[in-house]
Amino acid sequence: MSQNDKPNYGPNNPHPLSKMKTELVWEGKYDEYGNRRPVSLPTSPLPLQRIETIDEPHDRTKAQQLGLFDENAFCQKAHRDDFRNMLIWGDNKLALAALLEQFRGKVDLIYIDPPFDVGADFTMQVQIGDEGETLEKEQSVLEAVAYRDMWGKGTDSYLHMMYERLSLMRELLSAGGSIYVHCDWRVNFYLKSILNDVFGPDSFQREIIWSFSTVSGFKSITNNWIRSHDTILFITNGEKPCVFNKQYLPHKADYIARFDKIDENGRKFRDDRTEGRRQYLDESLGRVLGDVWDDIMSFQQASTSLEYLKYATQKPEALLQRIIKASSNEGDLVLDCFCGSGTTLAVAEKLGRRWIGVDLGRYAIHTTRKRLIGVQRELHEKGEPYRSFDVYNLGRYERQWWQRERLRGADTEHRRIVLQFYKAAPAQTGAHPLLHGTRGGAWVYVDQIDGIFTFDELRNVAEAAQAAGGRELHCLAWEFEMELAHKKQAIEAETGLTIRLKYIPREIMEANRTEVQFFEAGALEARVVRSRDDAVDVELVRFTPSLAEAPQKELAALRERAITSPFDFIDFWAVDFAWREGKPFEQHWQDFRTRKDRSLKTRTDAGWRYDQRGTHRICIKVIDVFGVDTTTVIEVKE
């Protein structure tokens, strides 16, 4: 194009750039035609699957079956029956979409602490057994998704992830609701722009500075200004005035000293010279809190606090107490869809709010479950009311959506992707149709995306591997038949094969995923124990933990310890004395290790009694120190 052929831009022909609005744009925000991309979701919401119900004080008392115990009176006095809180394990985008049908416009307060430490290697101290011994838990694959791989395509990937989720949160927020977004200098300006895009410029209320107040240790030697604060962005829905309860700090000593007189009732006061009346100290609620908070320590400063679970990114309860008290009232619904160690949910429960929590990490859900059971116990012991909670996931429906949307429904494509992540080579042409790949001399079988891998299927695959001259067989499946880890020993004896059963990790469904970690199915054996009065209890007999997520440098020592002291790896176990297939696991009894108390019972003390004669099934669930669960079912006859 010559100089004369260039468009003649000017007042009558403005250049396109001169008309552009201020906007944050990232790759994926618009399609090839310039249209705003909608949030990518299933055509209909995926149904949440309730997998556990937890009401520890009620079930414990019910199990004890005290003669003076009145269940109805218990519920009225100590148990709130208006709502069952929800803890959801899975991709929070799909979980938020699933919540829309029931909770659109009904969430009163949202607090999120999304990942913003790009590329950080989050580790945590995991304690084993009864001693104070710890090992550093390598970042698990699920945690890697939450804290690193969402940046797989750089900043654009992060921005699009947050835009989609904040758009769904906007739909869930009530007309007078508020959202608090916790961040720091790395993504502060990005998140401000996205929030402005999603909620509108008039919705932004305050930028709160949480100052860590003191600087010590390695930070003090940094050759730069010392970072000592996070930012919390406060946004409201804007459809109607938001709930806001002013918060106060105690008066300073010099202010209190001004009230140097005491009246006949013992009340401190001072003379108000301007109005000629007494001003009483107890008439003031304190200093009104502003948007700089410097009175709450971080766990870097208070790492000895019993509240601290040594969970990466954990925030102090005092911080969430302030937010929840300010922007919600008792009975309001609070949501945290990056719930981590469950601080938001624990504080919401203590303050009488209803709550919904979501997290992608298996270890996060395990940590939160333990913490909230502890809160139930604490409130019950104080005679204060609490609510039950249920644990949910999306189960096979999440896999079905992934298969339809990403794999176009092809099961062969599903197998190809699983083999690729497992670093296995596809089987050569002419191999038995049940032998899908090879890895390190072992045959590899990949079960169907909707399948539960059964004993009969294992026998068929093992016979095919034996006929092909195999010495080792790896079976990869989303779900295994109960007790298959024990039952496979008979097939190993018949065929001479070494058989490994490994779960397909759900994170292979993540769009930016490049690596995943497969872990072996554990094995559990328990037995029924009867007391003299014929009450039923359960005792753990044998346990084989999954060690796939153990640090590689410690793996050999851990394998040896798993053989000699396998119960040391149990972090939590629970029993459903009246389990029925197809119903959620109900925790009638549980015991777990805490940071303060490392002891663990290996036998229940429930003294369970059955109302009806016949055969009853007892389900036992064990969760190891890495957050991996193993389940078994035993029968008892009455």
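**Aromatic rings**

Modeller: Let's start with a group: Tyr445, Phe453, Phe480, Tyr503 and Phe519 make up one aromatic cluster. Bear in mind that this is a predicted model, where local features need pLDDT of at least 70 and side-chain atom pairs count only at pLDDT 80 or more, while totals for chains, interfaces and linings use all residues. Numbering runs from 1 along each chain as its sequence is written, and side-chain values use heavy atoms, with hydrogens and water left out.

Searching the whole structure turns up 18 aromatic pairs (Phe, Tyr or Trp rings, the six-membered one for Trp, with centres within 6.5 Å; stacked under 30 degrees between planes, edge-to-face over 60, tilted for the rest). Phe189 and Tyr190 give a tilted pair, with 4.3 Å from centre to centre and 35° between the planes. Phe189 is partly exposed at 48% relative accessibility, and Tyr190 is partly exposed too, at 21% (buried is under 20% relative accessible area, exposed over 50%, partly exposed in between, with a 1.4 Å probe and protein chains only).

Now the helix. In α9, residues 343-350, seven of the eight residues are buried, including Leu345, Val347 and Glu349. Just after α9, Gly352 has a positive phi of about 75°. Helices here are DSSP runs of H or I with at least four residues, numbered from the N terminus.

Terms used:
Helices (H or I, at least four residues) and strands (E, at least two) are DSSP runs, numbered from the N terminus.
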